[in-house]
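Take a first look at the chain below. The paragraphs after it go from the whole fold to single residues.

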Amino acid sequence: MFAFAVFECSPACAADVAKALDYKMAGDATRMRIVMNFDREPEPKWLLLRGPHRLVIDLPDTALAFDAKDLKPRGLIKSVRYGASGEGASRLVVTSKGPFAVEKIDVIENDDGKGYRLVADIAAASDREFDAALAIQAETTSSTVSTPKTDRIGKVAQRGNHPFTIVVDPGHGGIDGGAEGLNGTVEKAVTLAFAKELKAKLDAGGSYKVVLTREGDDFLRLDDRVRIARQNEADLFISIHADTIRLKGIRGATVYTVSDKASDAEAQALADRENLSDQLAGVDVVEENHEVSDILVDLIRRETHGFSTRFARSLVGELSPTVGMINNPHRSAGFRVLKAPDVPSVLVELGYLSNAKDEELLQSAEWRDKAATSISKAVAAFVAERGGAGG
């Protein structure tokens, strides 16, 4: 634990220190940006600590004084503390919800020539990636001034021979019940029961690591679901849902991948409903426009989309003869839960709770077994195509 003291400076000292003018942060549970403005150029050094996972920024000859409301935890960041750390020096400690990678920490002169800003970008990562950064830190100077572009998260580290990792995401949960069927079936219960069935099938072969985003009736933000996938170094993310639709006669499963432009009006409407999940639970949702800062990040995103599309097609092929699909069963739209740039992701609508037959099947243990077996076969084919191990 750090013991912080209030920074006090004499009038003579005040002329020699940089002053932080404000503190701002924005983002979500997968990526955050921290910005601090200074009246003169600061000289930060930073280091990582674990237990809990923290980013520590040391600022020699600097005075910090921030508005408490700007330090309120949000997204990936669990807490922010600051204080004096020696004569004339200050320290900022940012605690995250789990392991993270430092994408960059830069000091930039403001465009108007008045002052400087410190910009720190962090993103959810795995324990392995965090430990690797700690090891590099221990081998060098135990702290660093800035982050070389080649070390940013856009460059995916070699994962080694770890088991192929699948994150299964039961949609909705807690205060967000999701859709409700004609006979009272609630989507959050259907998705959890099926996710557990699918996990059991995938676990049975002993070849995969399988993680559920939730194992009980818990509310999870959409970006927290993505964070769980990234922090577990998921090689595949499968989100499970069972929606309703105005036309009661429509039934069957659908497989969705992410795209900026929806494949059809129905897909757009579904994405809009699913993306409202956070707001229905009283969460203030702010869409962040995370610009692509590296060509390599964009290439990774495109490659990931290709893998997602291939898995979706395989999934349609396995599900079609066993559980039945709607017309044009592979569709796409801007689902927030599918937007991890480096994790192939699909959303599976098992069926429509607005259709009496589908509602009945979704509660059937025999049907769940059949559908989970089909998805397991599609996963096996995808893993074989990717070469077996994760990474």
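**A walk through the fold**

The protein chain holds nine helices and 15 strands. The model is a predicted one. The chain has 391 residues, and 53% of them are buried. Its exposed surface comes to about 18000 Å². Carbon and sulfur atoms supply 51% of that area. Now take the contacts between residues at least 6 apart in sequence: 78% of them join residues at least 24 apart.

Start with an open sheet. Five strands form it, in the order β5-β1-β2-β9-β8. The pairing is mixed. At the edges lie β5 (62–63) and β8 (100–109), and each of these pairs on one side only. Inside the sheet, look at β2 (residues 31–38) and β9 (residues 116–124). These two run antiparallel and are joined by eight bridges.

Next comes strand β4, residues 54–59. How many of its six residues are buried? Six of the six are, so the strand counts as mostly covered. The cover is on both faces. Arg54, Val56 and Asp58 are buried on one side. Leu55, Ile57 and Leu59 are buried on the other.

Strand β4 has pairing partners to trace. Strand β3 (residues 45–49) pairs with β4 in the antiparallel sense, over five bridges. Leu49 has Arg54 of β4 as its bridge partner. Strand β7 (residues 90–96) also runs antiparallel to β4, and six bridges join the two. In that pair, Val56 stands opposite Val93 of β7.

Four residues lie between the strands. One of them, Gly51, takes a positive phi near 75°. The peptide bond from Gly51 to Pro52 is cis, with omega near 5°. Pro52 is found in the loop between β3 and β4. As a rule, most peptide bonds are trans.

Two other loops hold backbone angles to check. Most residues other than glycine have a negative phi. His172 has a positive value, near 65°. His172 is in the loop between β10 (164–170) and α3 (187–204). Is His172 buried or exposed? It counts as buried, because its relative accessibility is 7% and the cut-off is under 20%. Glu233 is not a glycine either, yet its phi is positive, about 50°. Find Glu233 in the loop between α4 and β12 (236–243). With a relative accessible area of 9%, Glu233 is buried.

Helix α4 covers residues 222–231, and Gln231 is found in it. Gln231 is buried, at a relative accessible area of 13%. What does Gln231 touch, leaving out residues up to four places away in sequence? The answer is Leu76, Gly98, Pro99, Ala124, Ala125, Ser126 and Asp127.

Now turn to helix α5, residues 265–275. Its buried residues are Ala267, Leu270, Ala271, Glu274 and Asn275. Seen down the axis of α5, they fall within an arc of 125°, so they line one face of the helix. At the start of α5, a side-chain oxygen of Asp264 comes to within 3.1 Å of the backbone nitrogen of Glu266.

Finish with the nonpolar cores. The largest has 40 residues. Which of its residues touch the most other members? They are Ile166, Val168, Phe194, Ile238, Phe311, Leu315 and Val379. Helix α9 (residues 365–386) gives this core its largest share, eight residues. Take Ile238 as a way in. Setting aside residues up to four places away in sequence, Ile238 touches Ile166, Val167, Val168, Asp169, Phe311, Val346, Val348, Ile375 and Val379. There is also a second, separate core of 29 residues. Among its members are Leu71, Leu76, Ile77 and Ile105.

How values were computed
Residues are numbered from 1 along each chain as its sequence is written. This is a predicted model: local features need pLDDT of at least 70, side-chain atom pairs count only at pLDDT 80 or more; totals for chains, interfaces and linings use all residues. Side-chain values use heavy atoms; hydrogens and water are left out. Buried means under 20% relative accessible area, exposed over 50%, partly exposed in between (1.4 Å probe, protein chains only). The arc is that of the directions from the helix axis to the C-beta atoms. A polar contact is a pair of N or O atoms within 3.5 Å; within protein, one must be able to donate a hydrogen and the other to accept it, and residues adjacent in sequence count only if both atoms are side-chain atoms. A nonpolar core is a set of buried Ala, Val, Leu, Ile, Met, Phe, Trp, Tyr and Cys residues joined through side-chain atoms within 4.5 Å. Contact means heavy atoms within 4.5 Å. Accessible areas come from the Shrake-Rupley method with a 1.4 Å probe; for residues, only the protein chains shown count as cover. Two strands pair if DSSP finds at least two bridges between them.
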